[in-house]
Amino acid sequence: MANRPNNLGSPPGLPRWVKVSAMAGAALVLVVVAFLLFVEGDHGPSRHTPGDEPAEVEAPGGHAPPGGGHG
Amino acid sequence: MPPRIRKAVLTAHIATSVGWLGAVLAYLVLDVTATTSQDVQTLRAVYPAMDLIVRYVIVPLALASVLIGVVNALGTPWGLFRHYWVLSKFLLTLAATAVLLIETQTVSALAEQATSSAGPRDLTGTLPHSVGGFLVLLTTTILSVIKPRGLTRYGWRRQRELKVRSSAARP
């Protein structure tokens, strides 16, 4: 798991856990990117909200109905 | 760094980092509720709660964790670029903070939409980001506990310089 301590003058190589983690991380990033490109399509803040609908739907008369229904 | 200050900085680093992980876990529960619930009243309550947790707990803890973590690393023999586990933690934390800062705007927009729109059921939540963030923070916590060995080239050079210096200083 660790790189060997080297007292002879040459720098240590990349530890195995770094190599394995880097490969796993790269594979994960590729999977996520592929998923976003081919399955999900659009990615960004706008994908969380529904379409281009207006935030509030007004009644035809020009006044929105009371929200709570109390009274 | 004097031992007292070093302990204070380390305590602050652990508190902010673990606090960040805990806050993300609380957020994750709300996010799962937001994604799975069909109850309009629940949705109208959950999204603003997510927004509050992100803005007033997660973002401050994340920024504090990064800053205090850098101070902690630079003020101890571990350094910031000498060991692969410290460097990995630093890069993962920076990436998580960057995604978080971008995602903050999305969560605020979701909270606004949930309370103002007619159909909060159409909102999709932020589950991939919160699960990803939680896994990244769990990884950094595990790295902090295990501290897997491995010097970077820079760390190796620094260690060699110190050895040469200490052997030269010996009578």
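A crossing of two helices is called left-handed if the near helix is turned anticlockwise from the far one by less than a right angle, and right-handed if clockwise. What I am showing is a predicted model, in which local features need pLDDT of at least 70, side-chain atom pairs count only at pLDDT 80 or more, and totals for chains, interfaces and linings use all residues. Residues are numbered from 1 along each chain as its sequence is written, and chains are lettered from A and ligands numbered from 1 in the order in which they are written.

Let me begin with the helix pair. The axes of α2(B) and α3(B), the latter spanning residues 84-116, come within 9 Å and cross at roughly 160°, with axes fitted as lines to C-alpha atoms over the stretch in contact and angles running from 0 to 180 degrees between N-to-C directions. The two helices are therefore roughly antiparallel, a term for angles over 145 degrees, and their crossing is left-handed.

Within α2(B), which covers residues 40-74, sits Leu43(B). Leu43(B) counts as buried because 23 C-beta neighbours lie inside 10 Å, the cut-off being 20 or more for buried and 12 or fewer for exposed. Leaving aside residues up to four places away in sequence, Leu43(B) touches Ala34(B), Ser37(B), Ala114(B), Pro120(B) and Arg121(B), contact meaning C-beta atoms, placed from the backbone, within 7 Å.

Finally, Lys147(B) lies in the loop between α4 (127-146) and α5 (153-169); its phi is near 50°, a positive value in a residue other than glycine, and with 12 C-beta neighbours inside 10 Å Lys147(B) counts as exposed.

Terms used
Helices (H or I, at least four residues) and strands (E, at least two) are DSSP runs, numbered from the N terminus. Two residues are in contact if their C-beta atoms, placed from the backbone, lie within 7 Å. Angles under 35 degrees count as roughly parallel, over 145 as roughly antiparallel, 65 to 115 as roughly perpendicular and the rest as oblique.
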